[in-house]
Amino acid sequence: MRQSASSSAPSPTARSLGGPPTGQLDALTALRGLAALIVVLYHFTGGFLPNLNLSETTQFVQKGYLWVDLFFLLSGFIMMHVYGRSFGQGWDWGRTRTYLFARFARIYPLHAVMLMGFVTLELVKMGLQAVGVGVGVFQPFTGERTVGWLFAHLGMLHAVLPADSLTWNGPAWSIGAEWVAYLVFPLAALAMAGVRGIGHWLLAGALAVLLIVITQGGRDFDVTHTYGVWRCLAGFGLGMLLYRGACHPLARRLSSDAVVGAMLLALAAAMHLGVRDAAIVPLFALLIVGLAHNAGRVSAALSARALVFLGVVSYSVYLSHMLVLEIVNATSRAMTGEPIGPMLGVAGSVAVLVALVAVVLALSAWLYRRVEAPARQALRDSAFARRYVDAGTSVRPGPARRATT
């Protein structure tokens, strides 16, 4: 059921700044879904389908890794929207415990299930080799998919341990990094509640400098297995500050259809032309604020049921698509000794791309309905949660909306 962002009382901080966003946040949910889809296109072109060289026409897909930065900004923004009031009032272990368990229940079950999918694929490779298929082609449980890194992923430590490359489910590096951000958030929200005036700008400047330092002067934000956790923390923190800024009365000037439409066009043009990454991420921030307040045609268009559902299943889209790619490549290598992409022309590459995107979307809808949502609810309803987590204390969220992360 669609909810209005004004149905709950704003936090004291939000009231002092002019009130929280009042537009339908379904638009931000849809934006998250579109971002996940663009990340899929980024991974499914390039090295996987080398003959589908879109960079000759546009840099839009080639810059797809930047949409992960939108995830980080949006995560910080929504965490402040939902929990900022609660944690801004003071430290409380009961609230923190309940919040952390809720975040764990949100991200861990699907993360673990997808890991098991990759483990199953490695076991299948071993089985094929045992019957003489793929001998010399597959090297199961080696390289980036060792047992050691499997335990690191299961313990949500993979984002903070040094690595030479992405391990197991590559996109999951950002899930481990966000878990670190979730751990930091309660104290960060409490500290931020005491920041006023120029302090916001100084903090935002410090986080921006951190991003610039780890991204080669803002030229390349595709930082993952090395300093990816810092990329996440900086983006998440900026998203938290962005929510504070969105509560300011002046932020509503960004909410008109004309302004939000201009932002979308500017963002599309910047990515198409391949401008410096540091110039694109601020456009994400402005777009989030504009859409959070927009109640016009742009928000209505993005709030279409199909787009909102894409946003709802975006976590499944993000975590499942690399397994689909790996299964296709493993099948091709078992049959021909080579990955499928180099064997396809442009038309064949387009056909495979369309087919695989359709598979990912169908799989993601199934994962959301059969794995992600039921597992999250089961954890929250478990005897462990009732006895050790809730303990009579709950996080009192602010105006929670569908734009969850």
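**Entry 1**

I looked up Gln 216 and found it partly exposed, with a relative accessible area of 49%, where buried means under 20% relative accessible area, exposed means over 50%, and partly exposed lies in between (1.4 Å probe, protein chains only). This is a predicted model, in which local features need pLDDT of at least 70 and side-chain atom pairs count only at pLDDT 80 or more, while totals for chains, interfaces and linings use all residues. I number residues from 1 along each chain as its sequence is written, and side-chain values use heavy atoms, with hydrogens and water left out.

I placed Gln 216 in the loop between helix 7 (198–214) and helix 8 (228–246); helices here are DSSP runs of H or I with at least four residues, numbered from the N terminus. The phi of Gln 216 is near 55°, a positive value in a residue other than glycine. I noted this because most residues other than glycine have a negative phi.

I then turned to Met 156, whose phi is also positive, near 60°. Met 156 lies in the loop between helix 5 and helix 6, and at 7% relative accessibility it counts as buried.

**Entry 2: His 153**

I found His 153 in helix 5 (residues 147–154), where it is buried, with a relative accessible area of 1%. Which residues does His 153 touch, not counting residues up to four places away in sequence? Taking contact to mean heavy atoms within 4.5 Å, I listed His 111, Leu 115, His 158, Thr 167, Trp 168, Asn 169 and Ala 172.

**Entry 3: aromatic rings**

I read that the structure holds 17 aromatic pairs, where rings of Phe, Tyr and Trp (its six-membered ring) pair if their centres lie within 6.5 Å, and planes under 30 degrees apart count as stacked, over 60 as edge-to-face and the rest as tilted. The rings of Tyr 99 and Phe 185 have centres 5.7 Å apart and planes at 40°, so I recorded this pair as tilted. Because Tyr 99 lies in helix 4 (residues 93–130) and Phe 185 in helix 6 (residues 173–193), the pair ties together parts that are 86 residues apart in sequence. Tyr 99 is buried, at a relative accessible area of 0%, and Phe 185 is buried, at 0% as well.

For Phe 104 and Tyr 108 I noted ring centres 4.7 Å apart and planes at 15°, so this pair is stacked. Both residues lie in helix 4, 4 residues apart, which is about one turn of the helix. Phe 104 is partly exposed, with a relative accessible area of 28%, whereas Tyr 108 is buried, with 17%.

I also noted a cluster in which ring pairs link Tyr 83, Phe 87, Tyr 99, Tyr 182, Phe 185 and Phe 236. Arg 103 lies over the face of Tyr 182, at 4.7 Å from the ring centre; a charge sits over a ring if NZ of Lys or CZ of Arg is within 6 Å of the ring centre and within 35 degrees of the ring normal. The charged end of Arg 32 sits over the ring of Phe 71, 4.9 Å from its centre.

**Entry 4: helix 13**

How many residues of helix 13 are buried? I found 17 of its 23 residues buried, and therefore wrote the helix down as mostly covered, using the cut-off of under 20%. Helix 13 (residues 314–336) is followed by Gly 337, whose phi is positive, near 85°.

Definitions and conventions: Helix = DSSP H or I, 4+ residues; strand = E, 2+ residues; numbered from the N terminus. Expected span 1.5 Å × (residues − 1).
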